[in-house]
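Please look through the sequence and the structure first.

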Amino acid sequence: MNRYSWKYKRENHLIDKSDKILIRMLWSRYIFCCLLFFIWYVCTWFVGAHLLRIETKEGIYTKSAFIKELSSVGELRDIVLNDLNQPKVLIFYSSFCAYCHMASNPLKRVAESLTPTGVKFYAFECGKGYSECSIWGIDGLPNLRLIGPEDKKINLESLINYTEFSDINCTRKSEKHIVFPEKHIPKLMEVPYLKHLKSKSISMPVINEETFLMCSIIRAFDLSSVFKPLNNSVLSNSAVSQTKTGISNHFGRWSEESMLINPSHAIVDAITMKFYILHNWVFFGNKVVNTLQFLEKRRLNALYRFVETSWVLIPSKRTRVKLEEILVFLKNYMDNKDNSIYSKLSLESWQSFIKTVVVEGISTTQNGSDPVFYICKKSLFCGIWLLFHSWSISLLKGVQHQGKGCPIYNGPSLTPGQVVDRIAETVKYFMVCQSCKEHFETMINNNTCDRTSYIPPMNNGKFPVLLYEAEGLVFWLFRVHNLVTLRVATESSYEHLKQKRSSSISYVGTGVSFPPIGTCFDCYRPNQTPAEVTNQMLSGINDLTDDDYDKDIFEQGPVVAFLEAYYWKEGWILPKTTLDLQKSELASAYSTPDSNQIDPFDSLNSFKRSAEIQVGSVFDIFPVLYPILTFFIFSLTVFYLVETGPFLQEQKINQLA
């Protein structure tokens, strides 16, 4: 008989039912169970935390067998310094860049085809070190850096002349006569950390076409004699026609719950994006002077105007205070009148200063972590659009209050034309997506969405701003955003069908225009519905222009009214006036009609407090209670099963006997 069983103990008078069992006989076993569960809990917690960290930090190429994802700046430098005898291709990208995701599958197949030739492929996400990408001279994402072996010169001439190798199917016809964009012709650049060896590398943009990418790398490394082509799959005509059918619902690509947001969420997301750019993208694309970085004067001026625009238009008093601190800091570096193209503002000085600017409720400013959004869950560029829309709506609200209040409000200090110019300047200097830059610049220059019909050029710099001009700015930016949304949805649908990417989505047959017709029926003209991606658009995607994406289906008046409610709450602070800019102190709160303005952060905090009054809120306040309670319940359960359970079962058997 087992000497540890209840029956053995009772027969040998080792236990008395009248005694306090837990205290006299079972406390040692209970402690033993607790110890086991403590070890179990600690182990699972650390393992779970490690797996979660891996999941959240996983890059685009982590699961690729032929492209090594570099996890840190130190690993990137080790690869460059220690592996000098192998040709290498470094892929610089950002996980927030839509085009980087689109180009990832062709790059994976190119890496699979060229790995047998000895070429090593590595990927580095610039989000892990934007300053490192600046040192490499990366001015747009994605970007390839081709580094040849130490003892062999890299062949730039063959690359830019598109040398043909018919035996491996590298011909102009097979490459569909694609050429590098004029502004992004591959060029020789020094390799950081290897300047003493006079090693050169080629900086090359990523063209989303597999054959062209593969042949370009073959030309650069002179691999034509060792490369053996693999069979490549192509998009069949039937694949394009395989689309989902059906009528789009009233909310299109959005859910009904996603439309139930607080205007404070939109503004706080815009402010979050603002400071994320200030923390990470200011020096991105800036020309490098040796290993030191000084901000170019033109970028410094653009940075000042970028901060000033938000200082004037963002409807948050506490945010404006912090933005003025930044303006004062930048002003000290703008009086440099020498002939150099560089200012005296260094990367080190900027990073040291911007870390001291903390805005309550903005995670990026508090601990340098990734931004936390309320609305923009999947893309940073969503936050940029929110910032631009908040500028336009704030300007409109300022124009609506011109000449009102006591003291009289004099209207915003910026005109619609100036806002458009500053939006374009922000995209040009502080957007990491190169294709986004070029596309937006083209829209501005080509007057896409008929901008001049809403914002007359003859009045761009004059005051007071007329109401229809401010409304025109809001409506023009709205149409541009919808144009970009439809273009991205079309490209996503095409990639989903062509490359069978699970991360891409087909929007064929789904309304992609904002707002969905279920939330603003009057926003659409009679007999018009939200724009959809069609099979015809997919078949001729390479021939589509902005005019094809710009669907003139909206009514300006209802759209402007909808956006006002979406991005603005009554009682928020109005834009700064020209009088405010002439004063040395922060006087914006006293120049508006209402002296009792509220802040978006205030309403957001009240929203949080009301949402936290629920059963689980105690664990948000005292997180340690959760593991303690879990540990106690589990240990008690095991103790019951191991010790008390057999005892009760024995008692029941005796009763039945």
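The model is predicted, so local features need pLDDT of at least 70 and side-chain atom pairs pLDDT 80 or more, while totals for chains, interfaces and linings use all residues. Residues are numbered from 1 along each chain as its sequence is written, and side-chain values use heavy atoms, without hydrogens and water.

The chain holds 26 helices and eight strands, taken as DSSP runs (helices H or I, at least four residues; strands E, at least two) numbered from the N terminus. Of its 657 residues, 49% count as buried, that is, under 20% relative accessible area with a 1.4 Å probe, protein chains only.

Helix α11 (residues 263-280) packs against helix α16 (residues 380-400) at an angle of about 115°, with axes 8 Å apart; axes are lines fitted to C-alpha atoms over the stretch in contact, and angles run from 0 to 180 degrees between N-to-C directions. This angle therefore makes α11 roughly perpendicular to α16 (65 to 115 degrees). The contact (heavy atoms within 4.5 Å) includes M273 and Y276 of α11 and L387 and W391 of α16.

N262 lies in the loop between α10 (237-241) and α11. N262 is buried, because its relative accessible area is 14%. Its side chain reaches two partners:

| Side chain | Partner | Distance |
|---|---|---|
| N262 | K569, side chain | 3.4 Å |

Definitions and conventions: Angles under 35 degrees count as roughly parallel, over 145 as roughly antiparallel, 65 to 115 as roughly perpendicular and the rest as oblique. Buried means under 20% relative accessible area, exposed over 50%, partly exposed in between (1.4 Å probe, protein chains only). A polar contact is a pair of N or O atoms within 3.5 Å; within protein, one must be able to donate a hydrogen and the other to accept it, and residues adjacent in sequence count only if both atoms are side-chain atoms.
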